[in-house]
Each structure stands twice: as structure tokens, then as C-alpha cells.
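Subject: Structure for your files

Hello,

Here is the structure I said I would send. My notes on it follow below.

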Amino acid sequence: MPYFSGQKNHETMTYGICNLSAIALRKEGRHTSEMTSQLLYNETYTVLDKSQEWVLVRTDFDHYEGWIQAKQFHEISEEAFLALKAKRPFLINKPIAEFEGKFLTLGTPLYEPHPNVVEMPATFQPEMLVENAKKLLGVPYLWGGRTAFGIDCSGMVQVCALMAGLILPRDASQQVKEGELVYFLQETQPGDLAFFGDVDGHITHVGIVMGDERIIHASGEVRIDYLDQTGIFNKERNEHTHLLQAVKRMK
């Protein structure tokens, strides 16, 4: 699967690329609207709509939609877009790395060799999910965040999955639809994804199974807690903080 899947019909499309370390994607085209995700440096997108101050975009690697400020919009040609689409990127493999005066974070794509990058694996490596998540320990929780300066639960999983060679949707409610169900907690393996929700079964949280009854997830910060049949047990608070709904094994 190409990193940038794009769309089949390019005739009337306008394309852009993130040329900043990160750009906020907002639910609506206004400054007070919540940030639902972030574009990382070199990630491309197609333009769906625009106003004088805002541009509605769809990201090309996970098809997530949101509004960015018009002054942060950087257009690229169809030729440049297709050239990037054909490449398998190198990915920043440190929590934070300097590149041409910018501070880039884990999973940011580059298209040239650099001391702080690795090539995106051609096949999924589940053990790498855990190893890369450990690099983000202590990063503060940020709703909609995808960087080492602030990240949410599904953003952490998405970034770490990319480092492991797997492209996942952005939100936990979408990610739970991927992979195969693991029926018993005793059968889980490191790199499985555990999903949590409310009493009605709505998925609201996700983490990465580490093995040995532990899970790494973003809640307050990226942290390691205990996992049992009920859910996530926070030893410091002496209580379960998230109710287990499903465990999925990615393919």
C-alpha cells in the first residue's frame, strides 16, 4: 500500500503539503474550534473547500478531514504530489529531531537519507509498535495531538503503527474496525491493540499491549499501566480508569 494513497481522479484536484513542523487540523473553520488532529511536516493533502481564512483538506495517507488556516496552506503541483505518492518514505525515529531548522517528531516522513530516520518497513512489525511507543513515555496528553510535544491515545497508536509499517485510521473508533479479534486476554501478544469504552460500548480509548499484563497508552501522559479483564488499572489511583471492550491483532 503506498504511503500516500491519494485519489484516482486528479483532474480537478488541488494539492498541498505541510511545510511546518506540525499544523493543527480543526473540526470547523474557526480559531475557537477544537483541534481534531495534526498534519506533520511533508504530509500531503487534497483541498476539499476553502474560504478567505480557512482551507478544508483531506489528508492523503489516512483520509482524515479538517480545516487549516489559509496562511498555512502550501500548494504543490499534481506532478509533485504523484512523485511523493510513488515513494516509500523515511521516518524520523527519535521523539524529536532537528531538520533544516525545524524540530520534527517521531513518524514524520522525509524523502532523503538523514541520520535520524529509518525507512518505513515494507511489512508490519508488531514488536516495533511497543518499542516506538516507549520513546514517547512522558509526552503530555493533547487532544488531537500527533507529536512528541503533545499526543492523544489514537494519535500515539497511529504514529507508532506507521513506524512499524502499518497505516491505521486516525481515531480509536476507526482503528477498532481493523485487524482480527483476540478473544482471550491470555492470548494477547505484544503489539496487539486494546480498545476501551463506556458502558454502552462506544470506543473512546486505545492502547498498545506490551505483554506481562501491561499496556502503554496516552492518558494524562504516555504511560504504562496494568491491563486485566476489566480494563486499565492505575496503581497510583488504585482504580480502573478505562473499561476493556476489545483486543485486536493487526495484520
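Tyrosine 45 is buried in this predicted model, at 0% relative accessibility (buried is under 20% relative accessible area, exposed over 50% and partly exposed in between, with a 1.4 Å probe and protein chains only). Local features need pLDDT of at least 70 and side-chain atom pairs pLDDT 80 or more, while totals for chains, interfaces and linings use all residues. Residues are numbered from 1 along each chain as its sequence is written, and side-chain values use heavy atoms, with hydrogens and water left out.

Aromatic pairs

Tyrosine 45 forms a tilted aromatic pair with phenylalanine 73, at 6.2 Å centre to centre and 50° between the planes. The rule pairs rings of Phe, Tyr and Trp (its six-membered ring) if their centres lie within 6.5 Å; planes under 30 degrees apart are stacked, over 60 edge-to-face, and the rest tilted. Three aromatic pairs come out of this rule. Phenylalanine 73 is partly exposed, with a relative accessible area of 23%. Tyrosine 45 is in strand E4 (residues 44–50) and phenylalanine 73 in the loop between strand E6 (65–69) and strand E7 (75–76), so the pair ties together parts that are 28 residues apart in sequence. Helices (H or I, at least four residues) and strands (E, at least two) are DSSP runs, numbered from the N terminus.

How many residues of helix H3 are buried? The count is 11 of the 11 (residues 153–163), so helix H3 is largely enclosed by the rest of the structure. Glycine 165, with a positive phi near 90°, follows H3.

The largest nonpolar core has 35 residues, and Leu129, Leu136, Met156, Leu193, Ile208 and Val222 have the most contacts inside it. Such a core is a set of buried Ala, Val, Leu, Ile, Met, Phe, Trp, Tyr and Cys residues joined through side-chain atoms within 4.5 Å. H3 gives the most to this core, with eight residues. In soluble globular proteins, nonpolar side chains tend to be buried together. Leucine 193 touches residues including Leu129, Val157, Ile208 and Met250, leaving aside those up to four places away in sequence (contact means heavy atoms within 4.5 Å).

Glycine 150 is in strand E14 (residues 150–151) and is buried, with a relative accessible area of 2%. Beyond four places in sequence, glycine 150 touches Gln38, Val139, Pro140, Leu142 and Gly145.

Pockets

The largest pocket has a volume of about 320 Å³. A pocket is an open set of points on a 1 Å grid over the protein atoms alone, where a 1.4 Å probe fits, with protein on both sides within 12 Å along at least five of seven lines; lining residues have an atom within 4 Å of a point. Of the 19 residues that line the largest pocket, Tyr141, Trp143, Asp152, Ser154 and Thr204 lie nearest its centre. Strand E17 gives the most to this lining, with three residues. By class, the lining of the largest pocket has seven nonpolar, seven polar and five charged residues.

The second largest pocket holds about 160 Å³. Its lining residues include Leu185, Thr188, Glu213 and Asp228, and the lining divides into three nonpolar, three polar and three charged residues.

Regards

Note on methods
Points joined across faces, edges and corners; volume = space filled by probe spheres on them. Nonpolar A, V, L, I, M, F, W, Y, C, P; charged D, E, K, R; others polar.
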